[in-house]
Amino acid sequence: MKTLLKNGFLIDPSQEKVPDIPVSVLLSDGRIEAVGQGLEAAGAKVYDCTGLYMMPGVIDVHTHIGYGSERDLETETKNAVSGGVTSLITYHRKAENYLETIPEFIDKINREAFCNVGIHLGLSTYAQTDQLETYVKQFNIPSFKYFTNYIGKAGVKAGVEIVSDANLIEWMTRIARLGGTLCIHAENQDIIEKRTAAVKAEGADSLQGWYEARPPICEAEAIMRCAYFAAKTGCRFYAVHVTCRESLEILRMMKRQYPQARIVAETCPHYLTHTTESDWGSVGKVNPPLRKQTDADALWEAIEEGLVSVVASDHVARPLAKKTGSIFSVNAGFPGCATLLPVLLEEGFHKRGISLNHIARLVSQNPAKVFGVRNRGTMLPGAAADITVFDPDQRKAVPVEFSNADYNIYQGIELRGWPVYTFINGWEARQPLYREQNPVPRGRYLERDAMI
């Protein structure tokens, strides 16, 4: 099957500017066959991309599939595609024998996913940490998740038994030898427990109260500790969902002190756009919490300077019913995959002048490089035919579609910049197709490479 995308503007993440001259892209058998002007292909299905921009498919590397319903793999990958996402990586954490369950999950991905899906494995038990090499070599999973705050009572509640600084250093050493990446949710649980008790006693049941229960120092201290351990063990440390100015200051300091350390910082759209002043109340509960406008401004500055090099959604399809009540008892997290690119186009490109090339680095090229995603994050011939074609000036109010979550924190807000076509493994998979009966899932399990 051949497909020709004609006369669009090509975004090359490795360059600083989009050329003024439109080009065409020929897709064949799931790969990019050619890129250039005046391309023709007999029998190819042609898409007129005049005035549109073509970039490597969006890769959302921070999602949580399986927390909405048993249909999450179907509904949330549909949701992803509606926002131009061609691949996502989900954090899979259960206290189970992954050697038995991951093959079943991979098979389910290949049968049901509407975009490509990779897996980060959460580490909960000692038995799991003893199997790291198998995960990397047999399942092509080179990235793992660790929570510094799952210690004591919090660890028991989450079913996690391995959290300690001594264990963290040991796991980092093992993962470094395997060429893997450790993604760390960094918060200090001692601070959380003491502050939460104080905030509850004060009756501060609000986003501000949640912020005070998990203050910036709680995150920044844990990031500093993890960055130091990473520098000493040689492990690639991926700091997930960085939220505040204090954490950014720590990251700058540690990168200066240990220039050889492999430290990558990620943030999420909601930390760039929402604060404790949001009207969403308990629906806006997320860990770490929403911060202040000064923190959002600092994150945008860190994106522009390159300190924060990945933006990902932290998507989880929490139903609204589980977000209603006291902020100390409702579930944390909310959906965001489908709005990842539109939010960056509106807030980054239109309002702050961040280049389209830089945005393509944040959501495609850099995620692919950090997590060893094969032949993606680029528009070079031979790469996988995962392509997001969008109109940066198309205006649309954010809908609530194709998700187990029946809300979106951006719903009703008009954003400029929406996908027009999304190609996954060479197949068109744009949103209207999902209104048909029995659409065909085109996603595949995303095998990834360790980087020794």
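This is a predicted model: local features need pLDDT of at least 70, side-chain atom pairs count only at pLDDT 80 or more; totals for chains, interfaces and linings use all residues.
Visitor: Why is the protein called as compact as a globular protein of its length?

Guide: The protein contains 14 helices and 17 strands. Its radius of gyration is 21 Å, close to the 22 Å that the globule rule gives for 452 residues, so the description as compact as a globular protein of that length applies. Along the principal axes, the C-alpha trace spans about 70 × 45 × 45 Å.

Visitor: What makes a residue count as buried, and how many of the residues are so?

Guide: A residue is buried when its relative accessible area is under 20%. Buried residues make up 60% of the 452 residues in the protein. The protein exposes about 17,300 Å², of which carbon and sulfur atoms supply 49%.

Visitor: Why are strand E8 and strand E9 said to pair?

Guide: Pairing requires at least two bridges between two strands. Strand E8 (residues 116–122) and strand E9 (residues 143–147) are joined by 2 bridges, so they meet that requirement, and they run parallel. Leu 121 stands opposite Phe 144 in E9.

Visitor: What packs on the sheet at E9?

Guide: Helix H6 (residues 165–177) does so, touching E9 and strand E10 (181–185). The direction of H6 makes about 150° with that of E10.

Visitor: Which strands stand at the edges of the sheet, and why are they so described?

Guide: The open sheet consists of 9 strands in the order E13-E12-E11-E10-E9-E8-E7-E6-E14, with parallel pairing. Strand E13 (308–311) and strand E14 (315–316) each have a single partner strand, so one side of each is left without a neighbour in the sheet; these strands stand at the edges.

Terms used: Residues are numbered from 1 along each chain as its sequence is written. Side-chain values use heavy atoms; hydrogens and water are left out. Helices (H or I, at least four residues) and strands (E, at least two) are DSSP runs, numbered from the N terminus. Contact means heavy atoms within 4.5 Å. Axes are lines fitted to C-alpha atoms, for helices over the stretch in contact, and angles run from 0 to 180 degrees between N-to-C directions. The radius of gyration is taken over C-alpha atoms; the globule rule is 2.2 Å times the number of residues to the power 0.38. Buried means under 20% relative accessible area, exposed over 50%, partly exposed in between (1.4 Å probe, protein chains only). Accessible areas come from the Shrake-Rupley method with a 1.4 Å probe; for residues, only the protein chains shown count as cover.
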